[in-house]
Amino acid sequence: MSNFIGKNVRRKEDHRLLSGNGEFVADIKMADSHEAAFLRSTHAHAKIKKIDTTQAKELEGVAAVLTGNDIKGLIEPFKFFKEFGETPPNAEEINLMTQVASKELLASEKVLYVGHPIAVVVAENRYVAEDALELIEVDYEPLPAVVNPEKAVENDSPLVHENIKNNVHTSFEVVVGDFQKAASEADQVLQTEIKFPRIHCNPLETRGILSNYNRRRDELTVYTSTQIPFVVKNYLVSMLGLIEENVRVIAPDVGGGFGPKGGVYPEEILVSYLSIQLNKPVRWVEDRVEHLQATRHSRDQLHKVEVAFNDNGDILGLKDNYILDSGCMNYFNLTCAYNTAAHMRGLFKIPHYEANARIVLTNKTPNVPYRGAGRPEAVFTMDRVLYLVAEKLGMDMVDVIKKNLIRAEEMPYDQGFYYKDGGKVVYDSGNYPEALEKVLEISEYEKYKKVKEEKKDDTKSIGIGISSYVEGTGTGPFEGAVVKLDGSGKIIASAGASPQGQSHETTLAQIVADQFNVDPTDVLIRVGDTGALPHGAGTFASRSAVNAGSALYEASQIMKEKLLRLAADELSDTIDNVTLKDGEVKSKNGKSISFRKLAQLAKPIPLFKAKRNVEPDLEGTYYFFPPTVTYSSSFHVAVVEVDKKTGKFDIIDYSIVHDSGKIINPKIVEGQIQGGIAQGIGQSVYEELVYDENGQLISGTYMDYLLPTSMEIPKVRMDHQEYLSTRNPLGIKGVGEGGAISPPAALANAVSDALSPLTINLNQLPISPSNLRSLILKAEKNEKAKREGAVHEG
Amino acid sequence: MENSVEQPQVDANDHKVQSNRVSITLTVNGKVVNKAVEPRMLLSDFLREELDLTGTHLGCEHGVCGACTIIMNNESIRSCLMFAVQADGYDIKTVESLATNEGTLNGLQEAFSTHHALQCGFCTPGFLMTLTDYLDKNPSPTREEVREVISGNLCRCTGYSNIVDAVMDYTKNRSM
Ligand code: FES
Ligand code: FES
């Protein structure tokens, strides 16, 4: 039954957030709460000779000052997060080489990046804590900084970690078919270099933590702005030697995540440690400038690609050699780098494929997977390559796409190697040619092609760019759910997911409501709380509707069965003769009983003598383990107008067709897409974390790190496909990240198209006016030289 | 209004020297408030920490994101760029003033919900206050004008278009 799945149910989250009653970490108050502030390295790479905290400790109002030496031997350093990619099952096949780096929570010997925490102060308020930071003296001995990842791998480069040879933390290769053979047989081979810059994810709420230790009960409660409360809990338990049952981690309202809140941070461990030591609530709220250097960065890949193709547009093979600059640690192992390899060929049939990846360490903030996690990098690379092939052949890029697209009748399509979860890369469902037709239609592709020809003048010209992707979504390994009937008759549905704006309280309630034939307002969703159920994972990787949704669906079936059995018994009927409606169980014999009454009946009370064999409480628990990911897919079309004189361009129109399987709430899905595209546009045109040669972060405030505003983001035209996933009971595919994947490629292609026949090599981002202007100047100069050369020869 | 500067005092209980505090009186959401604050306390921190009005959010604390926007004497301003002492004598409205005491949302808030103009909701109070001030003075703006007026507020989730839709719908319905 589907009364609410597929409907625009109003969000349950809205009322509190609109009225100023949201509860973000920084909003939570506790008596005698103290504030923490962190002293961070001002050097990218330096030995610490001495840290003097004497004066800071003496300042009025300071409760504690902690340095790396104070916790040596007590708290282990961070190495990597095994939750996010242990050695994949095909490690041998991909020739995986990896090493283990470690990073002290508070640097005591060596700092590895600007922003590396060195000391933490706890004081009666943040003002005093920051005063105390000023009083700490650190004596550094600067070391040469490793900044450029290409130079980092050379033999004479300084090392970020003494034990990581050539600064190459991890390398692997993916081989399908035989690229060399394809290259020797193809009509043409083209080589190019493509770079995706380092960027920041910038959720509007920075990180924040409030830890409260209760000594009498030996209980630790931690509020943290995280995407993964269960993982944070596991690390607190193991790193601080706590009793699992006594630790509760809560992600209250979280103001955006997008990836960087999907890892455990030193601050979470240290603030909790200090709360235990001081037996007081300790709060830390990051400021934005701190956030830009201390919250993990993302992307930063450099690709050297070769593509082998025939003159008719058939692509025979692709070879990609790439480096991912992971900053000073590779916490997330293969996550981004392998995603890039796994998604490179997207929805194309490219029989011969070779990827060689190296994850390199430098003296920068550690990396994290950010919305798209390796996929935008793959798609930017692939779709720029397709553009270049089309340009070389004088074909419309759409025709090159059509030549190589996987056809509907070829689904499920096997790409011939393994995903990082061990499943084969087999696209489960979808119709890509249909998606292409749809996007050409809604974007008015033909119309804009005409406009482009008509409008071309000396300064301004129109260009159209296209990009596409498949996206493995709904990453496992699992999500948990508990569904129970409350004494009030309401259904309480708990899941391990942990939202940061994704509307879980609404969409998950829609799923559960449909199982019990009640209104979503009668379903209370509990998420972001390790107290709600024993095991969970969290919200990242476009996984929650798939994993938490499916777990809740199955848990609901278990609870429903118990409910119906009890009701049938009570109504003196058989289970086949009872149905659920309006919060009641009705029997064919005309009798009915309310959920509330049933909840009461199921509760054991003193002297209760069960007259039937029912378990106390009506409850269902289910852990959903997806067989592997499910594949969403999409086409994007961007139309731009470029001003050659200034290098500035406007996005005139942007369209997308998306298949995310079963849609639970159209408005929310569209909101995810529009928001994802806005972030994608930001990365394409405005954003870049710039480091100088000493490893100093140059774009470290909102004055120099630009984010897109309402003036830059168009309202996107959208259409959907609903090809159900075959890998979960409701047919859901993930949608959270999709929007962010294609804009860089679509926009770069559109800008290139607008400037053609001028050949600008738009193979790096951001496409800022100054970058674009200098590319145009360079191309014009080349062209002039070529013309003059021709004249000369002639 | 003259600020009365108190002398440093010794707190007998925990022997702490309190820094110079300044007594300020202002009206916040219709109520008169009188408090002694440190001169360096930001207005945003004053609202959040001293008055527990945590609907005003801090996204950057350097005047760029707009999350901390409030209305002061009928002008929308960024509360992270002012000290509390500078607000002495002023009339302030925060997001908490928009709904009724019983919790009924106003028309603009309703429109935000209807159009899914918020996701995480962290930026929302800032947008609402920027718009409340603007729409008071410009009751029927064009779409372009709305885009422009909210361009000083960052939202990382929505991609803005639903916010513009919400405002257009609200102003249209209001004028009918
Ligand atoms: S917090 Fe005031 S403008 Fe960002
Ligand atoms: S709704 Fe999250 S920042 Fe605007």
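This report describes a predicted model, starting with chain A as a whole and then turning to its domains and to chain B.

## Chain A overall

Chain A has 794 residues, and its radius of gyration is 28 Å; a compact globule with that number of residues would have a value near 28 Å, so the two agree. Along the principal axes, the C-alpha atoms of chain A occupy a box of roughly 105 × 75 × 50 Å. The secondary structure of the chain consists of 20 helices and 29 strands.

Three domains are assigned in chain A. Domain 1 is made of two segments, 144-206 and 298-406. Domain 2 covers 476-624, and domain 3 covers 632-794.

## Domain 1 against domain 3

The centres of domain 1 of chain A and domain 3 of chain A, taken over C-alpha atoms, are 17 Å apart. In the contact between them, domain 1 contributes 33 residues and domain 3 contributes 39 residues. The size of an interface is often expressed as the accessible area lost when the parts come together. For domain 1 and domain 3 of chain A, the buried area is about 2800 Å², with 56% of it on carbon and sulfur atoms. Of the area that domain 1 buries against domain 3, Arg371(A), Phe380(A) and Arg384(A) supply 24%, more than any other three residues.

The polar side of this interface can be counted as well. Between domain 1 and domain 3 of chain A there are 21 residue pairs in polar contact, with both residues at pLDDT 80 or more. On the side of domain 1 that touches domain 3, strand S9 (188-199), helix H11 (375-393) and helix H12 (397-404) of chain A are the elements that give two or more residues. H11(A) provides the largest share of that side, 9 residues. The interface of domain 1 and domain 3 has 1 salt bridge. Arg375(A) and Glu737(A) pair through their side chains in a salt bridge, at 3.8 Å from N to O.

## Chain B against chain A

Chain B and chain A also touch: 54 residues of chain B are in contact with 59 residues of chain A. About 4600 Å² is buried between the two chains, and carbon and sulfur atoms give 52% of this area.

Side chains of opposite charge can pair when their charged atoms come close. Between chain B and chain A the count is 8 salt bridges. A salt bridge joins the side chains of Asp27(A) and Arg48(B), at 2.9 Å from N to O.

Several elements of chain B each supply at least two residues to the side that touches chain A, among them strand S3 (16-18), helix H1 (43-50) and helix H5 (161-175). H2(B) gives the largest share of that side, 5 residues. By class, the side of chain B that touches chain A has 21 nonpolar, 18 polar and 15 charged residues.

## Salt bridges in the whole structure

Over all chains, a search of the whole structure finds 60 salt bridges. Arg126(A) and Glu130(A) form a salt bridge in which the closest N and O atoms are 3.0 Å apart. Both residues lie in helix H4 (residues 126-134) of chain A. Arg126(A) and Glu130(A) are 4 residues apart, about one turn of the helix.

Methods:
Residues are numbered from 1 along each chain as its sequence is written. Chains are lettered from A and ligands numbered from 1 in the order in which they are written. This is a predicted model: local features need pLDDT of at least 70, side-chain atom pairs count only at pLDDT 80 or more; totals for chains, interfaces and linings use all residues. Side-chain values use heavy atoms; hydrogens and water are left out. Domain bounds come from an automatic or database domain assignment. Contact means heavy atoms within 4.5 Å. Buried area is the accessible area (1.4 Å probe) that two parts lose on being put together, summed over both. A salt bridge is a side-chain nitrogen of Lys or Arg within 4 Å of a carboxyl oxygen of Asp or Glu. A polar contact is a pair of N or O atoms within 3.5 Å; within protein, one must be able to donate a hydrogen and the other to accept it, and residues adjacent in sequence count only if both atoms are side-chain atoms. The radius of gyration is taken over C-alpha atoms; the globule rule is 2.2 Å times the number of residues to the power 0.38. Ala, Val, Leu, Ile, Met, Phe, Trp, Tyr, Cys and Pro count as nonpolar, Asp, Glu, Lys and Arg as charged, and the others, Gly among them, as polar.
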